[in-house]
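Student: Please help me learn to read this structure, one feature at a time. I would like the general idea, then a case.

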2 protein chains.
Amino acid sequence: MMRAILTLCYDGTDFHGWQIQSNAVTVQGELMAALKKIFGAPVPVAGCSRTDAGVHAKTFVCHADLPSPFPLDRLPLALNALLPASIAVQSAESAPEGFHARFSCKGKTYCYRVYNARLRDPFQEHRAYFFPRPLDAERMHLAAQWYVGKHDFAAFAATGSVVEDTVRTIYDFSVERKGDLIEFRVTGNGFLYNMVRIMVGTLISREMGKLSYEIPEILERGDRTLAGITVPPQGLYLERVCYTEID
Amino acid sequence: MMRAILTLCYDGTDFHGWQIQSNAVTVQGELMAALKKIFGAPVPVAGCSRTDAGVHAKTFVCHADLPSPFPLDRLPLALNALLPASIAVQSAESAPEGFHARFSCKGKTYCYRVYNARLRDPFQEHRAYFFPRPLDAERMHLAAQWYVGKHDFAAFAATGSVVEDTVRTIYDFSVERKGDLIEFRVTGNGFLYNMVRIMVGTLISREMGKLSYEIPEILERGDRTLAGITVPPQGLYLERVCYTEID
């Protein structure tokens with residue numbers, strides 16, 4: 001058995017997320033089916049995280065335990081020939097001793113894209129969240145700095161999600177306008193369920209004057225109902241997965 | 001009756017082209033259905049050209065003969081509320097006397113996008129033609145200058161298309177690499193069926209050493225079998241429609 005690290009990219013529009021499910025098309029399901037065709041045996045695969053239906057990945061990392069030898073430099077093209085065009089394997093390399101795609105992960109960067117113009121753009125339909133009311137990217141960038149640091153993000157997790165420890169560290173959060181697109185880019189050591197979408201939604205709700213408290217107080221109170229909307233999945237992209245310590 | 005000029009933008013992926021058909025979803029069909037809902041009566045619509053299934057439009061112009069008055073500045077949002085998200089009406093204005101979206105058109109600009117990298121990009125699947133073998137954009141740009149001018153483009157029309165006059169004028173043809181994307185941009189006074197896709201395909205076939213004759217001789221012989229491949233529709237975008245004389 002040899003553990004390989006696979007890096008992939010996918011357009012999440014047509015998938016019910018990463019995680020394999022019995023009655024839905026998922027990225028993990030498609031990848032495992034392609035690996036099984038190549039190796040003639042089931043190949044266990046573990047991803048760096050789950051992604052929701054409709055969420056995209058510019059970079060997604062998983063490991064696969066290959067049952068027999070295969071030249072890794074040829075594995076991406078072999079897999080891509082079997083995978084749907086909405087998934088592309090970019091690289092395959094040998095995993096270092098003890099590597100686990102999820103447990104070895106030290107941090108991730110997500111990008112959330114908002115299309116902020118009066119009229120919608122058909123080419124952004126599944127690629128960004130269309131929000132027609134004007135948003136001030138600079139003001140959102142300043143407010144986003146409250147997220148940076150080590151905080152209890154209980155108020156920024158989907159209700160019903162059960163996690164014991166809701167403390168996470170955000171290393172960086174930037175908000176930048178590029179024409180009609182606004183890019184929210186956040187790097188952290190880990191994220192609670194829907195946390196990025198609620199952090200972005202809270203910045204937008206704040207712009208709309210819908211918050212009763214400022215972000216530091218929402219963090220302190222830990223009450224989901226005080227934070228803003230959960231923005232929809234199609235604007236979210238997993239962009240970078242980091243396996244070395246982030247300072 | 002008032003003739004209005006509508007400018008739209010659409011992602012052609014899910015449409016069987018512009019032209020209305022009885023058993024297929026088309027852009028014209030969707031637009032006429034939305035107009036009928038607003039005006040309570042059929043609204044005749046004529047487009048600047050047909051586009052094939054899968055072809056996109058950054059700018060498409062049509063005229064609509066409105067049976068009753070409607071504030072034109074409010075028409076785009078009213079239509080967009082009824083149209084699928086893959087179509088957006090960008091503007092509506094009153095047509096000058098004698099205007100016809102097709103017959104008044106003096107020229108069009110098309111852009112064809114090729115994704116030219118070793119590995120495919122899932123986000124370009126329906127937006128560009130994936131061609132993994134390396135292409136030299138500068139060399140294609142030089143060869144494309146042979147198309148510029150007034151020529152008989154009979155060799156660059158789909159076989160079976162019946163047009164009496166196959167002479168067209170190309171005002172400009174540029175080929176430019178932007179990272180892994182190559183953009184072919186062509187402006188002409190009119191185009192034969194599949195002409196842009198065959199002109200681009202011939203530049204690519206030339207790069208691959210597949211042409212027996214140079215482009216000037218193919219133009220002169222007027223034989224479709226001497227030109228190159230017809231590249232697929234998903235890379236093609238109607239970009240600009242011009243109603244004033246181009247010099």
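This is a predicted model: local features need pLDDT of at least 70, side-chain atom pairs count only at pLDDT 80 or more; totals for chains, interfaces and linings use all residues.

Student: Is B:E214 buried, partly exposed or exposed?

Tutor: Buried means under 20% relative accessible area, exposed over 50%, and partly exposed in between, using a 1.4 Å probe and protein chains only. B:E214 has a relative accessible area of 32%, so it is partly exposed.

Student: Which residues does B:E214 touch, not counting residues up to four places away in sequence?

Tutor: Contact means heavy atoms within 4.5 Å. By that test B:E214 touches B:W146 and B:R206. With B:R206 there is also a side-chain polar contact of 2.8 Å (a pair of N or O atoms within 3.5 Å; within protein, one must be able to donate a hydrogen and the other to accept it, and residues adjacent in sequence count only if both atoms are side-chain atoms). For a sense of the fold here, the C-alpha atoms of B:E214 and B:T202 are separated by 9.9 Å, although these residues lie twelve places apart along the chain.

Student: Let us turn to chain A. Which residues of helix 3 of chain A are buried?

Tutor: In helix 3 (residues 137-144) of chain A, the buried residues are A:A137, A:M140, A:A143 and A:A144. They share the same side of helix 3 of chain A, because they cover an arc of only 120° around the axis (the arc is that of the directions from the helix axis to the C-beta atoms). On the other side of helix 3 of chain A, A:E138 and A:L142 are exposed.

Student: What do the buried residues of helix 3 of chain A pack against?

Tutor: Their partners are strand 8 (167-178), strand 9 (181-188), helix 4 (195-207) and helix 5 (215-221) of chain A. At the start of helix 3 of chain A, a side-chain oxygen of A:D136 comes to within 3.1 Å of the backbone nitrogen of A:E138.

Student: How should I read the geometry of helix 3 and helix 4 of chain A?

Tutor: Axes are lines fitted to C-alpha atoms, for helices over the stretch in contact, and angles run from 0 to 180 degrees between N-to-C directions. Here the two axes come within 10 Å and cross at roughly 125°. Helix 3 of chain A and helix 4 of chain A are therefore oblique to each other: angles under 35 degrees count as roughly parallel, over 145 as roughly antiparallel, 65 to 115 as roughly perpendicular and the rest as oblique. The contact is made by A:R139, A:M140, A:A143 and A:A144 of helix 3 of chain A and A:L203, A:I204, A:R206 and A:E207 of helix 4 of chain A.

Student: At what angle do helix 1 and helix 2 of chain A pack?

Tutor: Helix 1 (residues 27-39) and helix 2 (residues 75-82) of chain A pack at about 115°, with their axes 9 Å apart. That makes helix 1 of chain A roughly perpendicular to helix 2 of chain A. This crossing, too, is right-handed. Among the residues that meet are A:L31 and A:L35 from helix 1 of chain A, and A:L75 and A:L79 from helix 2 of chain A.

Student: Where does A:T166 lie?

Tutor: A:T166 is in the loop between strand 7 (149-152) and strand 8 of chain A. A:T166 counts as buried, because its relative accessibility is 16%. Its side chain makes a polar contact of 2.6 Å with that of A:D152.

Student: What is the phi of A:N194?

Tutor: Most residues other than glycine have a negative phi. A:N194 has a positive phi of about 70° although it is not a glycine. A:N194 sits in the loop between strand 9 and helix 4 of chain A. In chain B, B:N194 likewise has a positive phi of about 70°.

Notes:
Residues are numbered from 1 along each chain as its sequence is written. Chains are lettered from A and ligands numbered from 1 in the order in which they are written. Side-chain values use heavy atoms; hydrogens and water are left out. Helices (H or I, at least four residues) and strands (E, at least two) are DSSP runs, numbered from the N terminus. A crossing is left-handed if the near helix is turned anticlockwise from the far one by less than a right angle, and right-handed if clockwise.
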